[in-house]
Structures are given as C-alpha cells and as structure tokens.
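Dear colleague,

Please find below the structure that I am handing over to you.

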Amino acid sequence: MEVEGGGVGGKIKIGVCVMEKKVKSGPEVFSAPMGQILDRLQAFGEFEIIYFGDKVILEDPIESWPVCDCLIAFHSSGYPLDKAKAYAALRKPFLVNELEPQHLLHDRRKVYEHLEMYGIPVPRYACVNREVPCQELDYFVEEEDFVEVNGKRFWKPFVEKPVDGDDHSIMIYYPSSAGGGMKELFRKVGNRSSEFHPEVRRVRREGSYIYEEFMPTGGTDVKVYTVGPEYAHAEARKSPVVDGVVMRNTDGKEVRYPVLLTPAEKQMAREVCIAFRQAVCGFDLLRSEGRSYVCDVNGWSFVKNSYKYYDDAACVLRKMFLDAKAPHLSSTIPPILPWKVNEPVQSNEGLTRQGSGIIGTSGQSEELRCVIAVIRHGDRTAKQKVKLKVTEEKLLNLMLKYNGGKPRAETKLKSAVQLQDLLDATRILVPRARPGRESDSDAEELEHAEKLRQVKAVLEEGGHFSGIYRKVQLKPLQWVKVPKSDGEGEEERPVEALMVLKYGGVLTHAGRKQAEELGRYFRNNMYPGEGTGLLRLHSTYRHDLKIYSSDEGRVQMSAAAFAKGLLDLEGQLTPILVSLVSKDSSMLDGLDNASREMEEAKARLNEIITSGIKMIHDTVSSEFPWMTDGAGLPPEAHELLPELVKLTKKVTEQVRLLAKDEDENLTEPSAYDVIPPYDQAKALGKTNIDVDRIAAGLPCGSEGFLLMFARWRKLERDLYNERKDRFDITQIPDVYDSCKYDLLHNSHLNLNGLYELFNVVQLLADGVIPNEYGINPQQKLKIGSKIARRLLGKILIDLRNTREEAMSVAELKSRQDEISVSLTRKEGRSSQPKLFINSEELRRPGTGDQDEDDDKETKYRLDPKYANVKTPERHVRTRLYFTSESHIHSLMNVLRYCNLDESLQGEESLVCKNALERLCKTKELDYMSYIVLRMFENTEVPLDDPKRFRIELTFSRGADLSPLEKNDGEAESLLREHTLPINGPERLQEVGSCLTLEKMEKMIRPFAMPAEDFPPASTPAGFSGYFSKSAAVLERLVNLWPFHKTSASNGKS
C-alpha cells in the first residue's frame, strides 16, 4: 500500500536507530518485544522498517545514515545519544520519543524535579550532594533511627538511591524497633533481586544520594508502560523488598501479572508521557495507603510476553505514525488484523516454588470469598518488670537530657543510643562487689543495689539494642528549688524519680517456628478450590491480603513469621515485617476500656479461691457448667495455694544457687567466655535453639542465671506475703508462664520440683486465666465486647465489603451475555472492530468521560484482558489480625455468649452446645491459638436469599501442651527442639448447619464499633471499591471477560 507523506508516494519509512540488542528477534517462543511490535507494524503494509544497525550508529557519520520519516531512537548502554540528536536536527523526522529529555533520565534528581514540576506525586525526598567521596556536609545528620537533610527528617525505614539513574544499587534501612539492618536491591542475579544485611545500620557516604520515605505497598511493585499519552498498561510483581526471591513460571520467566490502573493513575501515566516527551515510556508506581506515587522513570520500555499488548502497541504506534505523516488515513483500520502469528499457548501452570500442594475443595456451587483470622502470638519468654526509686545524679541528668530539660516531665528510653547511655550510667553506679550476708548495709540500700545490678544485666543481655523488647520509663517524684546557673532566680530540679524497666516477652525461636509452620498450614488448608494452592491465587492478584498487628514486638514478629510461611517467602523477618505488616494498636492492643470490670472479676475470683467457697451446682449448672460463677476452678483451689508457694520457693532456691555460682565465676575464665553475646536482632530470623549455650549448661536464649533468679525471686515475693499471710492470685498466670517456659526451654538445667510445680499451677491457671475476663458468661460478654469492640467492628466491615463485591460480580456476570450480544450488534453495524476504533478505546475501562466515582477499583486488581488466568473474576479477601491473649479470649467470649444480651433474647448461640462444652473444658488459649471466620458464597442460590453467604467458624487451642504432661519418645523429641506443635482447628458449629452472614451480623452488631465510628479510610477515588452497580460501570466491566470475542484466540482457557 502506498501513502503520501515523507516517502514521496511510497511507504512511510520508520527508522529504528537503536542498539541491535534492543530489536533482536528470532525463532524463540517469545522473541524480543521490539521485534514483535515492528513485525506487526510491517504487516499493515503501510510502513517500511529501516534498521540502522550498530555499525552505522557507532561508526558512520550522520550524513550517511538512512533517511526516514519517523524515528525510533532511545538511549541504552553504549548508545551515542548526542549523535542521534544531531541526526534528528539534520533530517527532522517525527520522533516517537524525543531525544533531548532522555538526558534527564540518567539523573534521579532531575527526574524527581521534573515530576514535581508537572504536579506528579513522588515520595517525600531530599538530596545529599557530595563533590568527593566521604565529604562531610553540615546539612546532613545521621542518628540511629533517622537521617536529616537540611532539616528534613527521614525516619527508618527509608530508601537510599544513588543519584546516577544507571546505578541500581538501592538500599533500604530498617528501624531498630524492627530489628535494624539494611536490604540492598539490585538488578536480578539468577533468582535473587535483593539481599538483607542485618549488621549494616549506617548509610553510605561514598557519593551523592537521594533519601526518601519508604512507602509500604503490601509487598508489590507496579510497572506502568505507556504507548502514547492515551494508552497505559500496568503489571505487578512481588517486590524485591520482601525476600529478594524472584518468582518464575515453568518457562523460567519472572512472574508478572497485568493489573488495572485507577483513573488517577491513568492520568499520571498520561502526564509522565507528556512531561518527559517520551511516547513509549516505562515508570515505577508505588501504591501506599490509598495514594499512588511515581518513584522512577525508565524511558523506552515494552511489556514482555504478552501478544495482546503487542497487538495494542502496534495499533497505537500505527495511528501515531499516520497522524504525523498521513492524517487522512488515521481512522482507517482494516477489519481483520493483517499479521498472522502462530502464538503459542501461554503457560497457565503454577509457580515452581515448593509448598503449594493440592488442597481440598468445597462444593461445586460454593466458593470461598473471605478468610478472617484472629491469631495469638507465638511462644515467648516471660514478661518482666523492675521498679526502683532513683536519686543518683547521673540518672536524673539522663532523664532531663531526654525529656527536654523539663523537671516534671517523664521520659521513655527505647532507642539504642538512649539505652546505651543508661547502661553506661548504671555500670558506674553498680557496686563492684556484692555485700555479704554479714554486712550491716541497710536492707533498702542492698535491695536498691540488687535492682541496679538487674537493670545492668538486662541492658547487657542482648548484644545490639534492638529496641523492640526493652524500654525504660523515668518519672519524676520529688523536686527542689535551686539557683539558676546564670544566678538570676531559681528553677526546679528533680531529686527523685521512679525508674520502671520493662523487658522480656520476647518471641522465642520456638515462637517463630510455630508462626511460620502455622502460616504454611493456612496456605495449604484454608483455601479450597485452587489446584495449586494459595500461591497461585496470590501471585495473580486475585488474593487481597492485609495483615495487622498490635504494637508489641512479639506480636509483630509472629505476624511476619506467619506471612513468611503463608506466602512461601525466604530470609529474615525484618523486611517482611516492614513490607507486609501494619500496626493497629487501637484495635489489637490494650485493656483500658475494661480495666474496671476486670478488677471486679479478679476481686471476686480472689474471694472464691482464698475463702474456699464451695460452688453450688444446681440442675442448670450441671447441664450447662459454663454458666456458673468461676467455672473451671478446681474445687480444692484454696488447698493448692500453700503447695504452690512451697514448690515456687524450692525452684527459686535452686536458681539462686546457680546465679550465685555464675556471679562468682564471672571474674574467672569459664565456659561463659567462649559463648558469643546473644544478639536479639540477629536472632529474629532463627527458628532453632542455641546449642552452644545449652551445651555450656546456660539458660536458653539471652537470659543469664542472674536474670533467671530475679524472675523467680520476684514471683516468690509477689505470690505470697508472709507478714500479712496473703496470697496474690493474680500472680498465678505469671508463675504458670515461667514454669511452662522453663520446662520447655530449660529442662536441661534439671530443676528439681519444676514438673510438680507445673502440675499444681496448671490446675489453678486453667481456672484463673479464663475467669480474669469475666467470672460468669454475662460478665465475660461485657468485658469481651469492651476489649474487642473495635476488632469486631472491623470484622463486620470485612464481611460486608466482601459480600458487596461478590454480589457486584454476580450481577455483572448475569448481564454479560445480554451486553455482549448488544456490543456484537453494534460492531456489526460498524466497518471496524470496536477495539481499534481509536486510541481512546485502547485505554483501561473507565477512562472515558464518566465520573471517577463511577469507576473505583481495588488495589492490585488483576486485569483480565491481558491475564492468562482461567478464572480472572475469582477473588478472595484475607484479613489476618495478630494480637495477645486478651483479645482472643474477648472475641471468643462474644461469639459464644452474644445471645445472652437483652436485645437478642430467644436467639440461639453462634456456637453449638457441643462446642460450648469443649470450650468449657478448654481452659487455655495458648500461644498461636486462633479463631477463623470463612465466608462462602453459594452461587446457585438467588442473590436475595440469606443462604447465599455462609459463615464457618473454627478455632484452635494453639500450642499442644501434652509433651509437657507426659514422658514418651515424641515428647522427648519435641522438648529437645524446645518447641510444641499447634493443635488443629475445631468446629464451633454442628456439621451441616448454616450460619448465614445475616445472622452473624445480627448477633455481633450490638457489640461491635459501628462502621461510621471508624476513621475515614485514606483511599481516594479509584481504590475504595472495584465494582459499582451503575449500568455504565457494568457495561464497561463486562468487557473484562469476553474483551474482544471477535479477535483471534490467544490460546487461553
């Protein structure tokens, strides 16, 4: 075909002035994208493609280069950009990508400046410019957990990028509260794209860098590819910041899946294209907390391995060339695409990583829509607290140093620098020699010195201060007036303060192992219907996963370890934690809302136990034993208390002797000297025991005998006051915790009487712990609803959102055939296929003139037009909430006793009687206990039928204590590993029963925070919901499945 234009009666000449490696095309299954697209352009018959070649580009003068009408030219390694610019100035061809702005792309500073100039959102950033390596700059400050550039502070985690756009060595620095360390990102090497360095905590100083805020993206990167300002294609992949393992399909290609862009993101793509005057342009998009940001612009980029994209790109480029050189032909598109490509069937196999085995399936008509799990943290060390009044000048000065010099203000010390300051002061203050028993030292002074020694030992125990497990509070108690330093007037100065050191509660190696294994169990057992398991669903962006945690370190690390197992990740937990886990302390922390009611329950509990009251069992209580006050308490509880005290003293005395030996041996060479310091930061990724410490006869983990003795001595003192002859039953759970911990982790110390103590304290704890959350069902319900109110509200929101989305999909699919027929008729009346009318039609659905409110899309939604997936509409929402024992008990109490509320009189419990009986006998919800709600949709039931959505409730008691309760081979093996297995899930409903979502909402709503009381989500238009019920949106979205039925098949099924 001949056209008028630059080619004087001939074809339009398209010059390809790029390095040969960029247009390489061959017989391989998926040849280079450039070659695929140029072949399609040539097939139209309107263009002559002229390849310049490396020899011409690098060696020949521009005057002898081929003359062309349109030029494709872009920079790559070794490319003479200035020479290409001179050629363009000489011949003045139409440029697909302008050449001058390509210089900008090599300097990240200029890229960000240019983006900001055009109003395109970028992460908060600052530049550090050095003229020589290691140059000291007065405007750059680095502290332990932040850097400051010209007064702009960036808290860790933050990102460090070289200003050189061709340098891909990018660093992410993590806060000490998450374990510290640095992750290095780099271009893929084999199957890796990043490495974590736990020991690196200081930033680079060899050159110039950009520092920018780390944007949590849920572990996903989005790459956007434009072909002209009206077309943008997006693909998502697992971010290298998670674990650095490159996911590949069975062909060895990196796994990427097309995702839908929001209207705002499409506008950003248009603006990037125009701002840099690059029609074909790739850029990186970050989606974080409901907003999108551009963090890098790459210039000329094409999508790999997508025939649908190649077709689109060829058609857009054709229109671009015709608009420039033959505008009268621009609207003429042949009814059938001219090229004939034997397109191979793209692989639809699962990932090559292990662990995604086949799992069970549900009924043909019932599909899983939502998984909500509330999970307790894993095995931990005992929580500890040291309180002492301090008058030492060094400690008071330290308090003033970190509270801004305010004499009446308290201060909290958590950072490594702060804790190191405290340790330095404490080392000076602790007496070098411990007074003997015969010393006439004042008892209070002796106790004060012992507590200072304990503080010193705690601060010294962990190697590098991770900050996540130790914190010190200094609160002024007394003040005096002193003359001001300048002699003018007086000022207040503290003379006494209360120091409170909280430590312990550390997730153990066993806790990490438990959480990771439970994540694997969930992956393989909670998601029926996916032949290759959850990983396939997740990698194709049909799995909407959010993980929440309370503020406690052990809970955060449990969440990260669980995510590692769930998603088959590798490496240490710090990057996983920062990338995938969101903290929500208001929902998952604290007991303040129910503190008064819990104190009342404990007072009543103390009365029942210490007075020896015999519980009266009537007919009702014998049939429903859980309805009585203090259900679960052993009838002889008061008789067990003296035995408990006696055995606690026995164990404490043995630990005292071990601590005494340790104290005496510290000045002499011993086995202790060859054991390296225990570093909690490095231990975050470990799931095995420290065999060297065990072999040396030392306590497991970071605890020395001195701290172990302090732990037991405090329990002994607090449990029973001899002078007042008074038992404190609130100490029973703490004794139980310590006893259980030492049986599991320190059995090699052979503490005589520990096993007997465990048997006694377990009987008491099984009754005390559940009753601390309410002495009877009514009180349990009241306390539970106060503690879990926000969490219950969030669960209802999760279920409602899932239902709305599922119903929108169902409505859409019910109209699919009708609209498809209508569209086919319209196409029949047109001379051209609808897809290729103009470039506007090549954009994502919803980029027309409709309001953005009509076109709201969920983050990382799979784009079915380009996805090689059998069921692109399938979508599962997962919400994981990691918390502490109090929230597990509270949620369970609301679920089983909600029908006792006055507003629900006559309603049956959500939990069946059989399960109520089992729960009554299940005294402890141990480490890694969990409650799971799964919502299924029965697609054969009418949309308005309540049975359309069914809720399944299950729970697990968590860690199985039987190895501590029996002595057999299996128990011995588990104890050698210091770990306990997790009990499997148990049903809370009768088999065959149907708990509808409607009934679930009715029963829970009175105890849940209303949706309107939640703070408004930070998600702008485009993220709050993918589906809308308007006819316009339904018509647009129906195209997602049979997008272009008249075009040739891609071999997808």
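A salt bridge is taken here as a side-chain nitrogen of Lys or Arg within 4 Å of a carboxyl oxygen of Asp or Glu. Please note that this is a predicted model, in which local features need pLDDT of at least 70 and side-chain atom pairs count only at pLDDT 80 or more, while totals for chains, interfaces and linings use all residues. Residues are numbered from 1 along each chain as its sequence is written, and side-chain values use heavy atoms, with hydrogens and water left out.

Salt bridges

By the rule above, the count is 64 salt bridges. One of them joins the side chains of Glu213 and Arg124, at 3.4 Å from N to O. This pair links distant parts of the chain, 89 residues apart: Glu213 is in strand E13 (residues 209-213), and Arg124 is in the loop between H4 and strand E5 (125-128). Helices (H or I, at least four residues) and strands (E, at least two) are DSSP runs, numbered from the N terminus. Glu213 has a relative accessible area of 36% and is partly exposed; Arg124, at 35%, is partly exposed. For these classes, buried means under 20% relative accessible area, exposed over 50%, and partly exposed in between, with a 1.4 Å probe and protein chains only.

Arg109 and Asp107 also meet through their side chains in a salt bridge, at 3.0 Å from N to O. Here Arg109 is partly exposed at 21%, whereas Asp107 is buried at 13%. In the salt bridge between Glu552 and Arg554, the closest N and O atoms are 2.9 Å apart. Glu552 is partly exposed, with 25% relative accessible area, and Arg554 is buried, with 8%.

Aromatic pairs

Rings of Phe, Tyr and Trp (its six-membered ring) pair if their centres lie within 6.5 Å; planes under 30 degrees apart count as stacked, over 60 as edge-to-face and the rest as tilted. The count by this rule is 23 aromatic pairs. Among them, Phe158 and Tyr211 are edge-to-face, with 5.8 Å centre to centre and 80 degrees between the planes. Phe158 lies in strand E9 (residues 158-162) and Tyr211 in strand E13, so this pair ties together parts 53 residues apart in sequence. Both Phe158 and Tyr211 are buried.

Phe562 and Phe882 form another edge-to-face pair, with 5.3 Å between centres and 65 degrees between planes. Phe562 belongs to helix H12 (residues 553-566) and Phe882 to strand E28 (residues 876-883), distant parts of the chain that are 320 residues apart. Phe562 and Phe882 are both buried. Ring pairs also link Phe74, Tyr231, Trp300, Phe302, Tyr307, Tyr309 and Tyr310 into a cluster.

Gln102

Gln102 sits in the loop between strand E4 (94-95) and helix H4 (108-117). Its relative accessibility is 3%, and Gln102 therefore counts as buried. Contact means heavy atoms within 4.5 Å. Apart from neighbours within four places in sequence, Gln102 has contacts that include Ala73, Phe74, His75 and Gln278.

Two strands pair if DSSP finds at least two bridges between them. An open sheet of 4 strands has the order E2-E1-E3-E4, with parallel pairing. Strand E2 (47-51) and E4 are the edge strands, each pairing on one side only. Strand E1 (residues 12-17) is joined to E2 by 5 bridges, and Ile14 stands opposite Ile49 in E2.

With kind regards
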